[in-house]
Each structure stands twice: as C-alpha cells, then as structure tokens.
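Subject: A structure for you to explore

Hello,

Here is the structure I promised to pass on to you. Please open it next to this message and follow along as you read.

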Amino acid sequence: MNATPTSQRHHIALYLAHRWFAFFEAPGGDLEAHLGIFHPQVRLSGHRGQRLFAQDHETLRAWFAAVPDEVSSHHILHSVYEDLAPDSGRLAFLVAYQAPGADDAVHGSIISYETQIAFGGEPRFLALDKTPTLPNTRPTFEPSWATNRVLARLHHELGGLGEAGDANGQVVRSAMGGNVHGLVVWPTSQAPEESNGPA
C-alpha cells in the first residue's frame, strides 16, 4: 500500500512540473537548486524517446547550458497521473508553449510530456520525454511565469510537502480544503518574468 495517497502524489507531480517551467521562464535561475528536482540518473528525451538529451545530472547541466535563454511561456492544459509502483508514478500532461519572435510574431507548439517520478524520499523526476504534437497558433503571447510560480507553491502544499509548522502553508491548506482536484490561476497583472527567489 502507498504511504502517500494517489491524489496527493498527483499534486506532488504537478508541483515538480510547474517548478520545471518556472525555472525556464526566470532568467538567471539557480541551476544547482533546480537540479534537485531530478534523480541523479534522470533521463531527458524527446520525440517519444527517439532523441536523448540527458541521462544524468552532468549531461542535464550541459543541456540546460545549450538551451537558448529566451522569454517563453508554458501553460499546462491537462494532466493525468497514475501510480506505477509503491515508490513511483507517471504524470502525462499537455503544455501550450509560446515564445515571442521578431516583429511581434509569436511561435509555439502544443507539447506532450510523459514523466516518471520517484517518491521514495524527496520526490524527483526519474524521466521526462517532451514531444511537440501540434502548432500553437494563438497570436498573442501569454506569459506564464507568475502562474507557474503560484501553482508550484499551491501544489507543494496540497501534496503535503510543506513544513508542519509553516503558518503560511497551514493557511493555504485550510483555505483550499483536502479535496482539490484542479487549480486555475488568473494573474491580475503582468508580473515581471524574473525573480531572485527559488521556484
């Protein structure tokens, strides 16, 4: 029997996913802190496993160094979680990706992600595969940095990862209740796409 309920694991998996995107969208993020959400032998691949980008922290660090430092947005549209074993699970999700181009043009795609998460100890990604499936034809760039930061924080608390004595976390959990299956965040203003704090 799983020590952590499946619904709570879904929140933990989404916490990791939103942290992944918040890091990409914040210039000058702390790479060493970000590597903590990946298993030391993480496998990062693309196109349903046909392209291997990284297979451990060192190759993942090199992959991050090669990724262009551009403004981008990543909105998770839908996710499905399932337990694979007592200490692992699978999160599949669709992402609307965008990046502004020249002359106010916006380019992007709908990306299918398949991930595996280890839950034995600190939750971490074991594997991620990202496969573009369709063009994202929305003509207006829709920032997501602030949204991903807020959703990471909320899923962190709903997943039971907060400190027991954290008053802010207790307020969040109390306000949201124990039966949350989905979250949507609408930013009320345009937050700058950067931060000095951890995602």
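Counting aromatic ring pairs gives 13 of them in this model, which is a predicted one. Take Phe-21 and Tyr-113 as an example: their ring centres are 5.5 Å apart and their planes stand at 85 degrees, so this pair is edge-to-face. Phe-21 belongs to helix α1 (residues 6-25) and Tyr-113 to strand β5 (residues 106-118), so the pair ties together parts that are 92 residues apart in sequence. Both Phe-21 and Tyr-113 are buried.

Strand β1 (residues 38-46) and strand β6 (residues 124-135) run parallel and are joined by 5 bridges.

Now for the sheet as a whole. It is an open sheet of 6 strands in the order β2-β1-β6-β5-β4-β3, and its pairing is mixed. At the edges are β2 (51-54) and β3, each of which pairs on one side only. On average, neighbouring strands are turned by 20 degrees against each other, if direction is ignored. As a reminder, strands of a sheet pair through backbone hydrogen bonds, either parallel or antiparallel. Helix α1 lies across β1, β3, β4, β5 and β6, and runs at about 145 degrees to β3.

Is Leu-84 buried, partly exposed or exposed? Leu-84 sits in strand β3 (residues 73-85), and with a relative accessibility of 42% it counts as partly exposed. Leaving out residues up to four places away in sequence, Leu-84 touches Gly-89, Arg-90 and Gln-116. Its C-alpha atom is 9.8 Å from that of Ala-118, a residue 34 places away along the chain.

Ser-88, in strand β4 (residues 88-100), has a relative accessibility of 11% and therefore counts as buried, since the cut-off for buried is under 20%. With residues up to four places away in sequence again left out, Ser-88 touches Arg-9, Tyr-81, Asp-83, Ile-117, Phe-119 and Leu-126.

Helix α4 (residues 145-158) is also worth a visit. Its 14 residues reach 20 Å from the first C-alpha to the last, close to the 20 Å expected at 1.5 Å a residue. How many of its residues are buried? The count is 10 of the 14, so α4 is largely enclosed by the rest of the structure. Among the buried ones are Trp-145, Leu-151, His-155 and Leu-158. After α4 comes Gly-160, which has a positive phi, near 80 degrees.

Finally, the overall picture. The protein has 5 helices and 6 strands, and from the N terminus on they run α-α-β-β-α-β-β-β-β-α-α. Of its 199 residues, 40% are buried. If you take contacts between residues at least 6 apart in sequence, 59% of them join residues at least 24 apart. The protein exposes about 10,700 Å², and carbon and sulfur atoms supply 54% of that area.

Enjoy looking around, and write back with any questions!

Best wishes

Notes. Residues numbered from 1 in each chain as written. Predicted model: local features only at pLDDT ≥ 70, side-chain atom pairs only at ≥ 80, totals over all residues. Heavy atoms only, no water. Helix = DSSP H or I, 4+ residues; strand = E, 2+ residues; numbered from the N terminus. Expected span 1.5 Å × (residues − 1). Buried < 20%, exposed > 50% of the residue type's maximum accessible area, 1.4 Å probe, protein only. Contact = heavy atoms within 4.5 Å. Areas by Shrake-Rupley, 256 points an atom, 1.4 Å probe, with all protein chains shown as cover. Phe/Tyr/Trp six-rings, centres within 6.5 Å; stacked < 30°, edge-to-face > 60°. Pairing = 2+ DSSP bridges. Axes fitted to C-alpha atoms, helices over the stretch in contact; angles between N-to-C directions.
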